[in-house]
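Please walk through this structure from one chain to the contact between chains. Keep the cut-offs in view along the way.

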Amino acid sequence: MGVISNGTTLLDAGALDSGVPTGKLTLIKTLTASSSSTLSFIDGAASVVLDDTYGVYIIKFINVHPQTNDTQFGMQFNAAGAADFNETITNTIFKSRQEEDASPAELALDVGGVLSQATGLCKISHPVGNLANEALSGHVTLYNPSSTTFLKNFISVVNHSYPSATADVDANGQTMNIFTNGYINTASAIDEVKFQFVSGNIESGTIQLFGLGASA
Amino acid sequence: MALISNGTTMFDAGALDSGITKGAMTFISKLTGDGSTTTLTFASGITSTYKEYVFIFTNIHPQTDDKNFTVNFRDGGTNYDAMKTTSYFHAVHGEDDSTSLAYITGHDTAQGTGAQIIAEGISNDADHGVSGILHLYAPSSTTFVKQFMCRSQATRHSDIASDVHVGGYCNVTAAITGVQFAMSSGNIDAGVISMYGIA
């Protein structure tokens, strides 16, 4: 049964009519870590959509917590039909950080952590602490992954707790605001993305994939 | 009464059925500055319903020239005084072509409870103000500290475009249940702050 109001179909065949305004940010999939080595969104699997349905995809991280202390969080991609999450990436990364005792505080490029036409894990954090209350939150925006013309730009911003009592800082906690931009240097469509820590599992946390509608 | 279409429940008990696809960014509430108050406070509506809360502030206009726009958080009780550690940097460009990209140690917070600056030295010229966005993650968690990030664009009193980035955490495991925005001095003359929940 459909519902028609003033000549306009509002719903039919078990769904809202496409002409009814709804929000343009659509939750596609939620992944919850449970000592997971990786978390992946793969187009066509487990109800994941990562194709030309949306022009922009936003992936959000909520309290991603490492099993291993002092390890970086990162991502890699697969082109359609490819394997092994090893696309060629060039990226920038910089940090704004401050320790709980106010020193050091700095804004700096992280030239040691970037990829230059490399296929390894693209790190989007500094080492994350794994005390019970430490974690990482933020988001990455992936633009037009289904394009077969352009390389694929991405922008990531996260904030996380830096491990206490590591060798290169004193015993205080620290906030790390990490900005990572770059591109996947392929004209092939990207339809898979994977997240993991450099070392150890993702002990807990949520990663959500959203599609942004009405965007080219 | 429920409304069922093609075997699918569309509405029931006065609401859209949870299975109906709709937007994942839900408007919760809006506050408007009118010059009568020093603060705009979201005292309710921040719960475990959403994993992320987003605050979009638009054309916030200070009554007093050259004041900072700030935020603070409630972690129990009635005071907005959650302990925070934050970082702060800005990129600025003046109408006189002056430029700077710098970490600002005077605007960050190291285990402090005072209000966190999220925009600096805002002009109160009639056409000036500040706009931006604040992300607050999992405020209801009683396990993790509460990470947040903010980016704002303001017109400073000396006619400078100021792009401010703040990242940090409320260093508490108590739930954050309120968020308060304020000018460092003087009332909020005008502007709107909207709060959204992200699925």
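The paragraphs below go from chain B to the interface, then into chain A.

This is a predicted model: local features need pLDDT of at least 70, side-chain atom pairs count only at pLDDT 80 or more, and totals for chains, interfaces and linings use all residues. Residues are numbered from 1 along each chain as its sequence is written, chains are lettered from A and ligands numbered from 1 in the order in which they are written, and side-chain values use heavy atoms, with hydrogens and water left out.

Start with chain B. Its secondary structure comes to 0 helices and 16 strands. Both kinds of element are DSSP runs, numbered from the N terminus: helices are H or I with at least four residues, strands are E with at least two. The C-alpha trace of chain B spans about 65 × 35 × 30 Å along its principal axes. Chain B has 199 residues, and 50% of them count as buried. Buried means under 20% relative accessible area, exposed over 50%, and partly exposed in between (1.4 Å probe, protein chains only). Take the contacts in chain B between residues at least 6 apart in sequence: 74% join residues at least 24 apart. A contact here means heavy atoms within 4.5 Å.

Now the interface. Chain B brings 47 residues to the contact and chain A brings 50 residues. The area buried between them is about 3,400 Å², with carbon and sulfur atoms giving 64%. Buried area is the accessible area (1.4 Å probe) that two parts lose on being put together, summed over both. On the chain B side, B:F144, B:Q147 and B:M149 lose the most area to chain A, together 17% of what that side buries.

How many salt bridges cross between chain B and chain A? The rule finds 1. B:E52 and A:K60 form it through their side chains, at 2.9 Å from N to O. The rule asks for a side-chain nitrogen of Lys or Arg within 4 Å of a carboxyl oxygen of Asp or Glu. Polar contacts across the interface join 17 residue pairs, both residues at pLDDT 80 or more. Such a contact is a pair of N or O atoms within 3.5 Å; within protein, one must be able to donate a hydrogen and the other to accept it, and residues adjacent in sequence count only if both atoms are side-chain atoms.

Is A:S96 buried or exposed? It counts as buried, because its relative accessibility is 0%.

A:S96 lies in strand β8 (residues 89-99) of chain A. Of the 11 residues of β8(A), 8 are buried, so the strand is largely enclosed by the rest of the structure. β8(A) runs antiparallel to strand β13 (residues 174-184) of chain A, joined by 11 bridges. Strands pair if DSSP finds at least two bridges between them. A:E99 has A:Q174 as its bridge partner in β13(A). β8(A) also pairs with strand β9 (residues 105-109) of chain A, antiparallel, over 5 bridges. There A:F94 is partnered by A:L109. β8(A) and β9(A) form a hairpin with 5 residues between them, and A:A102 in the turn has a positive phi of about 80 degrees.
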